Amino acid sequence: MTAPSVETAVGHLLRELAPQVLGAVARRHGDFDAAEDAVQEALVAAAMQWPRDGIPTNPHGWLYHVALRRITDHLRSEMARRRREDAVATQVWAEWAFVPPPEVDIGVEGDDTLVLLFMCCHPALTPASAIALTLRAVGGLTTAEIARAFLVPEATMAQRISRAKATIKSSGTGFSMPDGAERAERLSAVLHVLYLIFNEGYASSSGPQLQRTDLSNEAIRLARTLHALLPDDAEVTGLLALMLLTDARRAARTGPAGELIPLDEQDRTLWDRALIAEGVELVSDALSRGSVGPYPLQAAIAAVHDEAARAEDTDWPQILALYSVLERMSDNPMVSLNRAIAAAMVEGPKAGLALLEPLDARLGGHYRLDAVRAHLHERAGDAERAIVHYRAAAERTASIPERDYLTLKAARLAAGRTQRIADA
Amino acid sequence: MKYMLMMHAPRGNGEYQVSDWSPDDLKAHIGFMHQLNHDLTASGEWVDGQGLTAPGEARLVRAGSDGAPVTDGPFPEAKEFLAGFWIVEVDSPERAYEIAAKASAAPGPGGAPLNMPIEVRQVGSAPPVDA
């Protein structure tokens with residue numbers, strides 16, 4: 001086993017420190033936008049210098065010091081510009097002239113990271129902007145890294161982030177903790193953004209886009225941070241559990257060419273037992289806390305799947321019961337769709353198909369409805385209908401691996417049918 | 001979600017219809033496209049965009065029985081040709097249509113909008129997380 005490179009160690013440390021330093025700078029300076037830019041510059045400087053010169057004894061203080069100096073520099077050049085344009089520049093920046101020496105320990109407030117998450121996942125932002133800003137300001141990733149992860153040019157990502165910050169500024173949100181009912185609402189927005197980051201990485205963890213799996217790891221890291229700050233919140237615990245229990249199956253989820261392998265055909269020996277054990281423990285903790293929301297329930301469903309040694313050992317009645325609770329809670333047609341699959345596993349494909357009927361109006365045209373219908377018709381022995389729906393699903397999905405999978409299913413059924421006619 | 005916007009330009013008397021335009025009209029057209037590209041970058045939606053060279057050298061290529069390329073073309077009778085494309089990352093298909101409409105209305109002779117047909121297609125993505 002080789003020791004991790006200095007660059008890797010520095011990278012990990014910087015990403016740990018990023019939200020703490022940004023929190024301290026933003027609290028002191030007040031302007032989140034300027035603070036965020038300054039901390040990003042400090043992180044880039046550290047990534048260059050530390051591997052060469054060694055990690056300073058007080059890395060947090062070093063970053064804080066450099067970030068504040070950057071703000072001072074920017075203010076100074078801004079003042080100089082204004083002085084040139086307008087002789088009435090009297091504002092002093094003496095306040096910024098004092099920065100503590102790097103040896104001085106800066107008070108780290110865990111809540112700062114939480115406030116940052118609330119800001120970056122502000123409801124005024126589109127999901128794409130919130131994701132980008134969260135990864136940079138809380139995750140400590142550089143704009144270039146985020147751009148690579150989302151396969152867009154760096155300039156595009158830089159613009160997306162600066163527009164996100166402008167949106168936050170115009171929303172009038174200060175660097176403070178939302179309280180009361182707003183806090184709960186904003187926390188659920190944070191959880192949603194972390195979940196989207198996880199999906200973005202998990203969904204594409206195959207083939208040439210392997211670097212995107214870093215996004216899942218990053219989402220898990222952020223969820224762990226959030227869980228450490230709010231250990232008693234069942235939804236936060238549930239989200240972390242859901243990520244771990246899903247991520248545990250990653251190695252089995254795709255074949256060598258990136259092709260999709262459905263849950264019931266996966267090689268379960270490839271599942272990560274340590275992640276499953278941790279996820280199960282978390283989900284038990286979340287469920288023991290009484291009133292339970294959507295994330296612990298989804299995590300519980302993932303846990304039931306993960307605990308089955310073989311697909312046929314899956315406790316489908318348990319999954320059906322969990323989806324029924326989830327359906328009453330969320331009124332989400334996708335949940336109803338999943339409940340229909342579970343019902344088909346417990347009561348047979350006909351029962352599942354009957355549950356799909358009312359979903360046409362709510363999910364009309366969504367490929368998942370066709371895919372599930374195809375699957376249930378196939379299980380019911382109706383190859384003709386299955387082929388029609390597999391093909392319809394293949395035409396409608398935006399996912400290329402999924403399209404390939406569905407097309408192949410239809411082709412196999414069609415070939416089997418031709419074979420039967422030839423044999424007759 | 002990413003979309004590819006494919007701009008089909010009308011063919012004129014020569015290779016390019018634009019070769020008959022006045023310099024001012026041409027300048028206005030090029031300026032419009034630069035501004036569009038600039039706006040898409042500023043809005044954080046730009047992924048890629050390229051103009052293609054004149055269709056006079058366009059060839060259709062197929063493999064012959066020995067695998068060697070067999071070419072066909074050029075096709076001077078074609079009324080339209082693919083002049084360029086953008087790939088944008090947007091929050092909704094409607095936004096992709098909006099961008100396409102903007103590009104379609106690029107100014108032509110006398111500043112009148114060209115209303116070129118722009119084919120809009122979603123770029124295939126990764127599979128969603130399994131339920």
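Which helices of chain A are among what covers the buried residues of α21(A)?

## Basis of the report

This is a predicted model, in which local features need pLDDT of at least 70 and side-chain atom pairs count only at pLDDT 80 or more, while totals for chains, interfaces and linings use all residues. Residues are numbered from 1 along each chain as its sequence is written, and chains are lettered from A and ligands numbered from 1 in the order in which they are written.

## Helix α21

The cover of the buried residues of α21(A) includes α19 (367-379) and α20 (383-396) of chain A. Helices are DSSP runs (H or I, at least four residues), numbered from the N terminus. Among the buried residues of α21(A) are A:Tyr405, A:Leu406 and A:Leu413; a residue is buried if 20 or more other C-beta atoms, placed from the backbone, lie within 10 Å of its own.

Helix α21 (residues 400-423) of chain A has 24 residues and spans 34 Å from its first C-alpha to its last, close to the 34 Å expected at 1.5 Å a residue. The expected span is 1.5 Å times one less than the number of residues.

## The nonpolar core

The largest nonpolar core has 138 residues, and A:Val25 and A:Ala67 have the most contacts inside it. Such a core is a set of buried Ala, Val, Leu, Ile, Met, Phe, Trp, Tyr and Cys residues joined through C-beta atoms within 7 Å.

Not counting residues up to four places away in sequence, A:Ala67 touches A:Val21, A:Val25, A:Ala38, A:Val39 and A:Ala42. Contact requires C-beta atoms, placed from the backbone, within 7 Å.

## Domains

Chain A is divided into domain 1 (23-97), domain 2 (109-168 + 182-230) and domain 3 (365-424), with bounds from an automatic or database domain assignment.

Notes: A residue is buried if 20 or more other C-beta atoms lie within 10 Å of its own, exposed if 12 or fewer, and partly exposed in between; C-beta atoms are placed from the backbone. Two residues are in contact if their C-beta atoms, placed from the backbone, lie within 7 Å. Helices (H or I, at least four residues) and strands (E, at least two) are DSSP runs, numbered from the N terminus.
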